[in-house]
Amino acid sequence: MYTYLVKRLLMVIPTLFGAAVLVFFLMRLIPGDICELKLAGSGAFFDQRSLDICRAELGLDDSALLQFGQWVGGWFVGDLGTSMWTGKPIGEEIALRFQVSLQIALMATLFSIVLSIPMGVLSAVYRNTWIDYVVRSLSIAGIAMPSFWLGILIILGILLTTQAWTGSPWMPPIHYVPIWVNPAENLAMLIWPALATGYRYSAVATRMTRSAMLDVLREDYVRTARSKGVMERVIVNRHALKNAMLPVITVIGIEFAFLMGGLVVTEQVFNLNGIGKLFVGAVGQSDYTMVQALVMLVAFIFVMTNLLVDLLYAWLDPRIRYS
Amino acid sequence: MRSGLLKIAASAAAGAVLALGLGNAIAAETPKRGGTLKFVIPAEPPSYDGHRETTFALVHPIAPFYSLLIRPNPDNPSDSSDFTCDLCTEMPKATDGGKKYTFKLKSGVTFHDGSPLTAADVKATYDKIIFPPADVSSARKAYFVMVDNVEAPDDLTVVFNLKYPSGAFIPALATPFNFIYQKAKLDQDMKWYEKNILGSGPFVFVEHQAGALFKGKRNDNFYVEGQPYLDGFEGIIAEKQSLRVQAIRGDRAAIEFRGFPPKSRDDLKAALGDDLTVQESDWNCVLIITPNHDVAPFNDVRARRALTLAVDRWGGSKYLSEIAIVKTVGGVAFPGHPLAATKAELEQIAGYWPDIAKSRAESKKLLQEAGVDLSKTYVLNNRGVDQPYTIVGTWLIDQWKQVGLNFEQRVQPTGPFYDTLRSKRDFSVSLDFNCQSVVNPLLDISKFLSNDISDSQYGGYIDRDVDDLFNKMNQEGDQAKQREYMRQFEKLTLDEHANNFITLWWYRIIPHRAYLKGWNISPSHYVNNDLANVWLDQ
């Protein structure tokens with residue numbers, strides 16, 4: 001087990017290095033640079049002198065290999081570099097956003113688990129009944145509906161409903177306050193994006209739970225249990241569900257990792273100052289160093305989540321052994 | 001000429017009255033103290049240094065922390081020639097044949113750290129802006145080409161000595177980015193202000209949460225008695241326009257200082273009724289049609305003239321103003337400014353003729369004479385920003401179609417868009433952008449100079465006739481003569497040499513919560529944002 005863990009952790013290094021090479025050189029293929037954007041983007045005048053100073057300050061005049069070497073070298077001393085746009089340390093910029101993304105991801109995951117597993121089980125157990133049809137319709141709608149669109153609908157719905165009921169429109173807060181500072185304000189802001197993303201997330205997990213449960217319920221050991229007169233509830237909860245969880249956990253793990261960096265539009269819809277919003281802003285601003293750091297962060301989260309999921313397999317199914 | 005100027009002045013005044021009708025009524029009310037103003041900002045500034053940056057995203061949250069030497073009158077910002085003192089005691093008259101301006105400073109002004117603000121700080125500030133060291137970027141250095149040196153003979157006197165008299169000097173001095181910095185900090189590190197904030201303005205910096213929020217609190221030692229009225233402000237960064245609109249609707253913010261399209265104004269008005277106030281103004285921003293002078297067929301002046309003759313600006317204004325943030329037909333100078341063309345003068349310029357049928361017939365004739373291949377599809381390079389770039393781009397394609405010219409719109413994100421303009425240059429025509437702060441036509445038109453002088457002219461042409469007129473105009477003290485030169489400059493640029501063309505001037509629409517008082521719209525989203533005179537009627 002420990003050998004496996006060490007091997008997997010060592011595999012992180014080439015994976016991240018590959019991602020680093022890709023993102024570093026792909027970013028530089030995009031035409032234009034951050035200095036042109038900063039200076040010309042507002043429509044005001046700028047001169048070549050300012051452009052030259054900006055490029056020199058940011059090291060854009062150096063060769064790509066030198067820039068790459070400096071960037072990778074920084075990792076070994078824990079230096080992620082500074083944002084080319086704001087000039088602030090990237091670690092500081094990411095830390096600010098990380099808590100927002102993490103909270104949203106956790107809330108959406110929780111919402112998804114609470115919703116998807118019972119619904120998936122019910123749908124499988126009551127296959128081809130009205131319960132199954134309702135669950136399947138809800139999950140197909142969840143997959144088909146982009147979460148940012150659902151988010152827009154939620155905001156509009158809140159505004160219209162509160163205006164109709166109270167006479168003045170209310171909308172969720174648009175500025176993040178940590179949960180330990182003001183829990184009510186925090187939840188009033190984050191509950192809606194968590195619902196919007198959690199619903200789509202739960203739709204995927206519901207379908208996976210249903211299909212895995214259907215497979216397991218056809219297994220010989222389930223038939224044997226039934227023939228022995230074991231109660232259906234025990235069969236479902238103890239024997240079937242646990243075994244059906246392996247693919248569901250994979251889906252939940254991948255979705256969680258995705259939520260940490262992929263909520264680009266939803267974060268904009270709800271004005272969440274998260275990793276996704278930072279990501280899209282950095283790409284738009286050609287902030288190479290920030291994009292590079294974020295890609296590495298997301299890649300790291302994916303690698304670690306996958307590792308965690310693999311370890312969970314062994315816990316769920318004791319027959320699985322790693323060596 | 002005199003009656004023309006009077007008419008312009010009268011129409012500008014009428015516009016100001018319209019824009020400020022409500023504002024003046026509000027001014028009669030007694031301001032209330034207290035409360036925190038929340039406003040939304042569409043973007044985050046790259047740094048805190050106003051001297052280096054060019055974006056409104058810096059001015060909106062940062063301007064309240066700083067003082068300026070002079071500024072557009074905050075009670076009358078619509079008037080592009082009404083400047084007033086901020087740190088000075090009175091607007092000076094030029095001496096020495098218009099080449100010397102002596103400013104007396106208010107006494108007792110302090111920075112937020114308690115240290116006194118003196119003439120040495122003002123001199124150090126303007127030295128940084130006008131004569132920056134080699135490794136320091138100054139976005140507005142070129143605004144002050146007329147300045148020979150800055151002196152501080154005593155603690156309360158600042159003297160600007162000019163090389164020649166210039167009508168562009170006072171507006172340049174009033175630019176809202178010219179924050180007064182502390183000399184001691186600049187001596188310590190010229191780039192200190194990129195990452196730090198220390199001013200003497202109406203509000204004291206509290207915090208900046210990157211990507212989220214700027215917070216300021218009242219400066220209790222502010223040098224204007226009784227101001228600011230607010231306890232503080234929060235500038236919330238919200239990039240998505242629909243969210244900013246909803247934030248005003250749901251009262252998470254009282255205002256956004258940049259501007260919304262007409263549809264958003266109408267939606268907000270329908271939802272909020274009397275709880276919403278709308279202020280509108282012409283905007284000192286314009287999209288420019290820039291033909292590529294380096295490649296056929298638009299390296300031929302006839303083909304370029306055909307482009308502008310095909311465009312029905314008078315008709316387009318009516319329809320586009322209903323869906324986009326553009327409205328006013330104008331020449332190279334900001335409409336309504338004394339140096340701008342009247343309607344009668346505009347109608348003498350190609351592309352502004354009142355009879356569009358005649359104009360398009362001439363356009364077709366010129367295309368034929370120039371041998372333009374009408375079976376080809378040409379590229380209109382455009383920026384991937386909806387308001388108003390792609391809307392105006394789509395409109396132009398239709399206008400050119402009317403004379404047989406086929407264009408496809410190549411919409412690109414901002415980075416690749418500027419790369420195309422500056423490096424690739426693989427376009428036939430591009431939309432380009434000129435957006436300035438304080439209305440200062442004498443400098444604002446430098447965009448149209450030869451590209452070995454103006455680094456932001458992307459047509460790729462050299463036109464010494466235009467350059468000479470610009471120099472004459474900027475060294476001419478008499479406004480009537482400046483105006484004559486401006487007409488010649490405009491005729492050459494837009495018509496005879498057909499270097500590039502104005503589309504429609506932008507139109508600024510600010511719907512805000514009715515409880516926000518004291519703030520008056522200006523022709524620029526960079527101007528009048530120190531919040532000193534803003535108060536909340538709650």
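Predicted model: local features only at pLDDT ≥ 70, side-chain atom pairs only at ≥ 80, totals over all residues.
Figure 1. L294(A) touches G261(A), I275(A), L278(A), F279(A) and A282(A), leaving aside residues up to four places away in sequence. L294(A) belongs to the largest nonpolar core, a set of 227 residues. I104(A), L294(A), L37(B) and V326(B) are the residues with the most contacts inside this core. Helix α8 of chain A, residues 183-217, gives the most to the core, with 14 residues.

**Figure 2. The helices of chain A.** Chain A has 13 helices and zero strands. Its C-alpha trace spans about 85 × 65 × 35 Å along the principal axes. Of its 323 residues, 40% count as buried. Contacts between residues at least 6 apart in sequence were also sorted by separation: 71% of them join residues at least 24 apart.

**Figure 3. The contact between chain A and chain B.** Chain B brings 44 residues to the contact and chain A brings 43 residues. On the side of chain B that touches chain A, four elements each supply at least two residues: α6 (192-195), α7 (241-249), α14 (414-424) and β15 (429-435). The largest share of that side, seven residues, comes from α14(B). By residue type, the side of chain B that touches chain A divides into 18 nonpolar, 14 polar and twelve charged.

**Figure 4. Y458(B) and its surroundings.** Y458(B) is found in the loop between α15 (441-444) and α16 (464-474) of chain B. Not counting residues up to four places away in sequence, Y458(B) touches T290(B), L421(B), R422(B), S430(B) and D432(B). K481(B) is 23 residues from Y458(B) in sequence, and their C-alpha atoms are 29 Å apart in space.

**Figure 5. R425(B), a residue with positive phi.** R425(B) lies in the loop between α14 and β15 of chain B. Most residues other than glycine have a negative phi. R425(B) is not a glycine, yet its phi is positive, at about 60°. R425(B) is partly exposed, with 15 other C-beta atoms within 10 Å.

**Figure 6. D96(B), with positive phi in a loop.** The loop between β3 (83-85) and β4 (100-104) of chain B holds D96(B). Its phi is positive, about 55°, although D96(B) is not a glycine. D96(B) is exposed, with 11 other C-beta atoms within 10 Å.

Figure 7. In helix α10 of chain B, residues 313-323, the buried residues include R313(B), G316(B) and L320(B). They cover an arc of only 55° around the axis, so they sit on the same side of α10(B). An α-helix has 3.6 residues a turn, so residues three or four places apart point the same way. On the other side of α10(B), G315(B), K318(B), Y319(B) and E322(B) are exposed. The cover over the buried residues of α10(B) includes β12 (326-328), α13 (386-401) and β16 (501-513) of chain B.

**Figure 8. Helix α13(B), span and burial.** The 16 residues of α13(B) should span 22 Å at 1.5 Å a residue, and the end C-alpha atoms are 21 Å apart, which agrees. Buried residues in α13(B) include P388(B), Y389(B), V392(B), G393(B), W395(B), L396(B), Q399(B) and W400(B). Helix α13(B) is also among the elements that cover the buried residues of α10(B).

**Figure 9. The two domains of chain B.** Chain B is divided into domain 1 (2-254 + 515-536) and domain 2 (284-507). Their C-alpha centres lie 31 Å apart. The contact takes 27 residues from domain 1 of chain B and 19 residues from domain 2 of chain B. On the side of domain 1 that touches domain 2, α1 (2-27) and α4 (169-173) of chain B each supply at least two residues. The largest share of that side, eight residues, comes from α1(B). The residues on the side of domain 1 that touches domain 2 divide into 16 nonpolar, ten polar and one charged.

**Figure 10. Cis peptide bonds in chain B.** Most peptide bonds are trans. Q227(B) and P228(B) are joined by a cis peptide bond, with omega about -5°. P228(B) is found in the loop between β8 (213-218) and β9 (232-237) of chain B. The peptide bond from A296(B) to P297(B) is also cis, with omega near 5°. P297(B) has its place in the loop between β11 (276-291) and α9 (301-309) of chain B.

Terms used. Residues numbered from 1 in each chain as written. Chains lettered and ligands numbered in written order. Buried ≥ 20, exposed ≤ 12 C-beta atoms within 10 Å, placed from the backbone. Contact = placed C-beta atoms within 7 Å. Arc of directions from axis to C-beta. Nonpolar A, V, L, I, M, F, W, Y, C, P; charged D, E, K, R; others polar. Core = buried A, V, L, I, M, F, W, Y, C linked by C-beta atoms within 7 Å. Expected span 1.5 Å × (residues − 1). Domains from an automatic or database assignment.
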